[in-house]
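Here are my notes on the two-chain model you sent over. Have it open on your screen as you read.

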Amino acid sequence: MSENGKRKVVIPGEVIVEGDEYLPGEWTEKRGNKIVALRYGLGEESKKLVRVIPLSGIYHPRRGNVVIGEVENITFNGWIIDIGTAENAFLSITEVPKYVNQNALEEVMDIKDMVVAKIKGTHKRGIDLTIKGRGLGKIEEGIIVKINPNKVPRVIGKEGSMVKLIKNETGCIITVGQNGLIWIKGDNVDRELLAKKAILFVAEKSFVDGLTDELKKWFEKEK
Amino acid sequence: MAKKEFQRPDGRKPDELRPIKAKVGVVPNADGSAMFSTGDTIAIAAVYGPKKMHPQHQQNPEKAILRCNYNMISFSVADRIRPGPSRRSMEISKITEWALEPVLMLENYPNMVIDVHINIIQADAGTRCAGINAASMALAHAGIPMRGIVSSVSVGKLDKQLVVDLNKAEEDWEEGEGATDIPISMTSDGKITHFQLDGKINNEQVQEAIRMAREACKKIYEIQKEALKEFLTENEGGKNG
């Protein structure tokens, strides 16, 4: 751990580094002159700041994350969205980039509708969402695939390489929600199903090295 | 009577544990899971959550609630046991909650619940300890913030001799003073989170039992640690880290 930016697997209660010069970051704690991990994941030290990157467990909402959710309930000033977290996610009408009739919120989005939204902020009593921005809003058509939220970085790939490959091969528009829900929209159902199969393939083989090449081979076989 | 050398039924040394196996990620649908086996005792723990607590009146706005469910599968012992909750299994569920709660940072998840399901698929004494060991690994795997890992072992007094990690034959010891079973759980830095005692034992021997448990828990901790690390190294392949 002496080299900057080097990572290693840590378990809760394990000492990551020892020394007074280090600062505890996310999911770590200072005990005396030791920095101790509080979660299972990868311990990382850079510029004297030590943190743990969790790789398992439930989805933790963060500001700026794009998520896909289902409208669970309608209140007088917005919608309650289920994004797979324990806390409620709230989408206020002021966060919708068009005119909304206060008396008929269901005309814009009704219960059971799916929506692509961005997390505006998280606080003690829940999550605030927004659909102001490109690519956000109600989902009108296409299919939705659910995967383990921990596999999302694999499906996206390095700088979006994996999802770009699936897009190019199938010609579908794919939106990956950080909460593990993926929206696929293509010209026809066959292409959408091919994209779905490809995503599930990536999620299942997420630990294989050189997965992008593996997926290319898989596409050749499927066609 | 002349004092003869003490012999354990399976020929182990007094401080020798049974062969231990530990594995993480055994239940694909759970948020965290682990298997822990010592000798012929096998426990599987699955963790679900943190998730919203229902019914709502059971929510605690200060911290999450840990809900353990210990269950012995009907085929886990030689004579079939009646499936479903019993007085014994409910007590062990509660004990497991108390043993694990001190290391969990439940205050991070107000109004939520963490469900831990422990299933004993094969029993040969020491099931509550195997259950706690498995549950502790499963909680770590579920990404719950924890101050440390809990390891658990049972120390027993067979007649006058103290031994660790009893099996069924030793638990039913009848010679001399009989068997006294002492399950002890502790954190990796040696703080005791759970201690049960059923039988007769003197003060000095309790001290000695705790010392033996401490040594045994260190060994168990290393196995738990290794299993957790192995899982991530295998599944992440050191690719993005």
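Predicted model: local features only at pLDDT ≥ 70, side-chain atom pairs only at ≥ 80, totals over all residues.

1. Chain A, the overall count. I get four helices and 16 strands here. The C-alpha atoms of chain A take up a box of roughly 60 × 50 × 25 Å along the principal axes. Of the 223 residues in chain A, 36% are buried.

2. How is chain A divided into domains? The assignment gives domain 1 (7-54), domain 2 (66-138) and domain 3 (143-222). Between the centres of domain 1 and domain 2 of chain A there are 36 Å, taken over C-alpha atoms. As for sequence range, 56% of the contacts in chain A between residues at least 6 apart join residues at least 24 apart.

3. One sheet to look at in chain A has four strands. This sheet is open, has the order E1-E6-E7-E3, and its pairing is mixed. E1 and strand E3 (23-24) of chain A are the edge strands; each has a single partner, so one side of each has no neighbour in the sheet. Further in, strand E6 (residues 41-46) of chain A runs antiparallel to E7(A), and six bridges join the two. If you want a residue pair to find on screen, A:Glu45 stands opposite A:Val50 in E7(A).

4. A:Ile174 has A:Ile184 in E16(A) as its bridge partner.

5. Where the chains touch, 19 residues of chain A are in contact with 30 residues of chain B. Which elements of chain A give two or more residues to this side? They are strand E1 (7-10) and strand E7 (49-54) of chain A. By residue class, the side of chain A that touches chain B has 13 nonpolar, three polar and three charged residues. E1 and E7 of chain A also belong to the four-stranded sheet in point 4.

6. Chain B, the overall picture. Its secondary structure comes to four helices and nine strands, and along the sequence these follow the pattern β-β-β-β-α-β-α-β-β-α-β-β-α. The C-alpha atoms of chain B fill a box of roughly 65 × 45 × 35 Å along the principal axes.

7. Is chain B compact or extended? A compact globule of 241 residues would have a radius of gyration near 18 Å, and chain B has 18 Å, so the value agrees with a compact globule. Buried residues make up 47% of the 241 in chain B. Of the chain B contacts with a separation of 6 or more, 70% are between residues 24 or more positions apart.

Definitions and conventions:
Residues numbered from 1 in each chain as written. Chains lettered and ligands numbered in written order. Rg over C-alpha atoms; globule rule 2.2 N^0.38 Å. Buried ≥ 20, exposed ≤ 12 C-beta atoms within 10 Å, placed from the backbone. Contact = placed C-beta atoms within 7 Å. Domains from an automatic or database assignment. Nonpolar A, V, L, I, M, F, W, Y, C, P; charged D, E, K, R; others polar. Pairing = 2+ DSSP bridges.
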